[in-house]
Amino acid sequence: MDFLASDALRGRGSATPDELVAATYVGAVLEQYGITPAGDDGTYIQRAVILQPKLKTSPVVRYGTEGGAGTWWTYGLNFEAEYFSKPTFQGPLQRVDSETQSDPKKLKIKKGAVVLVLGTDRKKVRSATFAALNGGAVAAMSGVGSDHEKWDQAHEWPKPPKRLEGQAGGMGMEDFGDVLLLSEATLAALKDVPDGTVFSLTSELGESEKSFTWNAVGKIAGMDARAGVVLLSAHLDHLGIGPAVKGDSIYNGADDDASGTTAVLELARALALGTKPRRTIIFALFGSEEAGGLGSTWFQGHSPVPLDKIAANLEFEMIGRPDPKYAADKLWLTGWERSNLGPALAAHGAKLEADKRPEERFFMRSDNYVLAKKGVVAQTVSSFGLHKDYHQPSDDLEHIDFQHMTAAIGSMIRPVQWLVNSGFTPKWNPGGRP
Ligand SMILES: [Zn+2]
């Protein structure tokens, strides 16, 4: 952990050479512990190919009656994209007044509509925008009036979301819809345009820019090939170099997630020392979690074993400091009530409890979710107590409670040893599978 969270690794930025150094180091540690490589071509490294789609032409918005005369909008003059998931869309205009239709839950959005959100209160506009897109709109537009700093003076063309070569999607934001900002004059000119008028956006995709991210993967082959596989995981990347805070620009990510990576390595060491387990154990340290779960998404498409052979996945996230909401040495499991995995581990000595902050949606905020969406019973072990160093340069070794972390990892060894030797296969509870 000293090395992973050191300034030498410059914060292990997603898909940077520093991330590759971290993955190579993790592979070397696994090798030292006698773990078999399970990455590409007999190595510990699994390389994922990230594609950044680029536009070839400036996006254009048109509207008007079908077959009739239309109006053109120019990018950077009439509109800009704040979020850009679709390079083309078309749909009828629907107005939503964020002032009078104040309860976003009650909004009735026509499927495929292009929603114009009216109002000047930034918060209300924002929540109506999200409600419209969640409700099935293909795009949402609003005036830039309440949010001037969002207007990009450089007028750079928007970038579609990154994706992985040969795979659809990262964390599921691809189909979310586009969010457009309109200049004040453009918004004013819409005053007399009736609802139902067809709006469309067109742009042309050029070649994608390629980059890479790296996972470190190893395994201990079990005695019983039919007993299923246990996957222990964490993410080895963090935010890298960023805006300086109090003169420090290295986002060390000691708690997030050098602590989880250390936990998986320590479990690998302990499990390799014992007798051969009944189940195969895979250790996966993912890259580019911070960029939208890209490393774990690649892993689920290139898993060393079929996903339906994975009996359980435990991800370790931010266990370097105690959570003040819990008794000392306690950890919590995201999505506790979704499966019978947590209670079974607790019954075998894990100091695990239910996640007391369901409103934070932690179950959906780590790599476990990528696998859970594929049906794997996948949950995250954590003791993150919403400390203020989260995603700050101050998430460094100085702020780690090593006594807590040592106890936390130690408390998981026996329950995991039980799990990898048992015939217990966890199941989703009714309605628990995402
Ligand atoms: Zn994390």
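This is a predicted model: local features need pLDDT of at least 70, side-chain atom pairs count only at pLDDT 80 or more; totals for chains, interfaces and linings use all residues.
Local features require a pLDDT of at least 70 and side-chain atom pairs a pLDDT of 80 or more, whereas totals for chains, interfaces and linings use all residues. Residues are numbered from 1 along each chain as its sequence is written, and side-chain values use heavy atoms, with hydrogens and water left out.

Helix α1 comprises the 16 residues 17-32 (helices are DSSP runs of H or I of at least four residues, strands runs of E of at least two, numbered from the N terminus). Buried residues of α1 include Asp18, Glu19, Ala22 and Ala23 (buried, under 20% relative accessible area; exposed, over 50%; partly exposed, in between; 1.4 Å probe, protein chains only). The elements covering the buried residues of α1 include β2 (45-52), β12 (209-220), α4 (254-273) and β16 (280-286). After α1 comes Gly34, with a positive phi near 85°.

Phe3, in the segment before α1, is partly exposed, with a relative accessible area of 32%.

Strand β8 (residues 139-143) is mostly covered, five of its five residues being buried. Ala139, Met141 and Gly143 lie on one side, and Ala140 and Ser142 on the other. Strand β7 (residues 114-118) pairs with β8 in the parallel sense over four bridges (pairing requires at least two DSSP bridges between two strands), and Val114 stands opposite Ala139 in β8.

Terms used. The expected span of a helix is 1.5 Å times one less than its number of residues. Contact means heavy atoms within 4.5 Å.
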